[in-house]
Amino acid sequence: MPLFPRQIPTARPLRSPRLKAAVATLSLLALAACGGGSGGSDAGTQGTLRLALTDAPACGYDHVWVTVDRVRVHRSVDATDAEGGWSEIALAAPRRIDLLTLTNGALEELGQTALPAGRYQQLRLVLAPNDATSPTANAVLPTGGTEVALDTPSGVQSGLKMNADIEVAPGQVADFLIDFDACKSVVARGNSGRYNLKPVLRVLPRLAEAGARIVGTLHPSMAGATVSAQLAGVPAVSTTPDPATGRFELYPVPAGAYSVVIAGGGFATGVITGVPVNVDRYTFLNANTAPILLPSGADRSVDVEVDTTAGVSPDSALLRLRQALTSAGTVEVLARPVAPNSDPLPLTIASAAPQVAPFVDGAAAPVFAADTAPAVVGRYSAELTLTQPAPAPMLVKTAPVDVSAALPDPLPPIAVTFP
């Protein structure tokens with residue numbers, strides 16, 4: 001019996017059974033072109049734009065809902081809401097979508113439409129507001145908590161802006177995804193029980209159905225871990241394993257060589273180096289009969305607080321926690337939004353030695369070895385990025401984070417002050 005299940009990419013369904021309800025709500029039903037969007041020498045020459053929605057894993061939430069009203073598209077990256085030239089993909093009625101059904105390789109088709117051929121540089125995802133009729137149109141359900149309305153930015157009416165580089169060629173299909181990162185987009189407002197929606201969105205090309213994927217299986221006890229494909233310590237794609245089977249799928253991953261990082265969930269961090277990605281076949285990390293199980297770790301908790309001084313107008317902040325390994329370079333183990341000038345953000349971080357394994361094509365499972373260097377075990381670097389309303393500059397600071405077993409418990413909090 002083969003180690004891996006046979007893959008037939010052309011027969012791969014675009015939606016899993018658990019997403020069928022969401023499929024009905026997400027289909028875009030019509031497109032209306034507004035304000036002269038077909039001008040120029042290519043007027044009357046049509047191509048097709050096809051969109052789908054996906055999501056990176058959320059952290060600490062069971063559900064994150066947004067209510068989509070329409071998607072707008074424009075040729076100019078600088079076009080304002082009031083300018084002409086917009087085209088719209090409009091839903092017959094606003095539709096409430098749970099972003100957390102769109103992880104682990106699942107894509108939700110948004111539909112397709114004809115557009116004048118040419119280059120489009122701006123998309124806007126327009127959300128319906130929370131109002132008296134639909135007070136939880138956009139909402140979050142924290143793990144172990146109750147459903148809470150998200151405080152949405154004023155821009156939901158004009159649309160959440162995304163820079164894009166979409167070339168619609170005559171007679172061709174331009175295939176793209178909107179990646180709505182729920183984890184980085186939901187910011188707890190301290191201990192108030194309120195949450196802000198600070199959308200983190202990007203536009204990605206949809207890659208080949210026959211490949212551009214990394215597939216693996218974790219032991220079911222590691223269901224709380226996050227898996228990411230990284231280049232130079234920056235995740236390209238992240239996901240979480242299926243809680244029942246432990247299977248995970250990273251997609252879309254551009255062709256290249258990556259480190260796959262498995263982090264969180266009460267286990268040591270695992271890094272698989274030199275993982276190749278091809279557009280014409282899947283990359284398997286292990287056999288589904290030999291799930292990856294990393295050593296359990298003595299996680300430690302530390303609070304991170306972001307403060308600002310006079311002259312700094314915080315909009316949002318993002319914390320990235322990185323670890324420099326002796327045999328695998330620097331990897332990112334988590335990224336969390338932080339509410340500036342609010343209650344500290346509690347983090348749970350592995351204090352155990354990270355495990356590193358080289359990728360071996362066709363092997364039943366990777367063979368890990370611990371990186372026990374004193375400069376590595378329990379030691380991290382926190383990078384905090386503070387954004388301010390334009391045209392104020394973005395501010396970045398770094399701070400060491402030490403959760404090694406040699407330190408007393410509880411650990412002292414980490415406070416970072418801008419500027």
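Two residues are said here to be in contact when heavy atoms lie within 4.5 Å. By this criterion, and leaving aside neighbours within four places in sequence, Gln-388 is in contact with Gly-311, Val-312, Ser-313, Asp-315, Pro-393 and Leu-395. The structure is a predicted model, in which local features need pLDDT of at least 70 and side-chain atom pairs count only at pLDDT 80 or more, while totals for chains, interfaces and linings use all residues. Residues are numbered from 1 along each chain as its sequence is written, and side-chain values use heavy atoms, with hydrogens and water left out.

Confidence comes next. The mean pLDDT of the protein (pLDDT being the predictor's confidence in each residue, from 0 to 100) is 83, and 89% of the residues reach 70 or more. Helices (H or I, at least four residues) and strands (E, at least two) are DSSP runs, numbered from the N terminus. Confidence is lowest in helix H1 (residues 20-26), with a mean of 31, and highest in S25, at 98. Over residues 1-43 pLDDT stays under 50, and the model has 84 contacts beyond four places in sequence for this stretch. Where pLDDT is low, the predicted coordinates should not be read in detail.

Strand S25 also belongs to a sheet. Six strands form an open sheet in the order S16-S15-S18-S19-S25-S26, and their pairing is mixed. Two strands count as paired if DSSP finds at least two bridges between them. The edges are strand S16 (234-239) and strand S26 (369-370), each of which pairs on one side only. Strands of a sheet pair through backbone hydrogen bonds, either parallel or antiparallel. For strand S25 (residues 355-358) and S26 the sense is antiparallel, over two bridges, and Val-356 stands opposite Ala-369 in S26.

To return to Gln-388, this residue is found in the loop between strand S27 (379-387) and strand S28 (395-402). Gln-388 counts as buried, because its relative accessibility is 12%; the classes are buried under 20% relative accessible area, exposed over 50%, and partly exposed in between, with a 1.4 Å probe and protein chains only. Its polar contacts can be read with the following cut-off in mind: a pair of N or O atoms within 3.5 Å, where within protein one must be able to donate a hydrogen and the other to accept it, and residues adjacent in sequence count only if both atoms are side-chain atoms. A polar atom of the Gln-388 side chain lies 2.9 Å from the backbone nitrogen of Ser-313, and the side chain of Gln-388 also reaches the backbone oxygen of Pro-393, at 2.7 Å.

A search of the whole structure finds 16 salt bridges, each defined as a side-chain nitrogen of Lys or Arg within 4 Å of a carboxyl oxygen of Asp or Glu. In one of them, Glu-88 pairs with Arg-70, with 3.2 Å between the closest N and O atoms. Distant parts of the chain are linked by this pair, as Glu-88 is in strand S4 (residues 87-98) and Arg-70 in strand S3 (residues 61-74), 18 residues apart. Glu-88 is buried, at 15% relative accessibility. Both residues also take part in a network of salt bridges that links Asp-69, Arg-70, Arg-72, Asp-81 and Glu-88.

Asp-179 and Arg-202 form another salt bridge, their closest N and O atoms being 2.9 Å apart. This pair joins distant parts of the chain, from strand S10 (residues 173-180) for Asp-179 to strand S13 (residues 201-205) for Arg-202, 23 residues apart. Asp-179 is buried at 7% relative accessibility, whereas Arg-202 is partly exposed at 34%. Arg-213 and Glu-249 form a salt bridge as well, with closest N and O atoms 2.6 Å apart. Here Arg-213 lies in the loop between S13 and strand S14 (214-217) and Glu-249 in strand S17 (residues 247-250), 36 residues apart. Arg-213 is buried, with a relative accessible area of 0%, and Glu-249 is buried at 3%.

Finally, the structure holds two aromatic pairs. Rings of Phe, Tyr and Trp (its six-membered ring) pair if their centres lie within 6.5 Å; planes under 30 degrees apart count as stacked, over 60 as edge-to-face and the rest as tilted. Tyr-61 and Tyr-195 are edge-to-face, at 6.0 Å centre to centre and 80 degrees between the planes. Tyr-61 is in strand S3 and Tyr-195 in strand S12 (residues 195-197), 134 residues apart. Tyr-282 and Phe-284 form a tilted pair, at 6.2 Å and 40 degrees, and both are buried.
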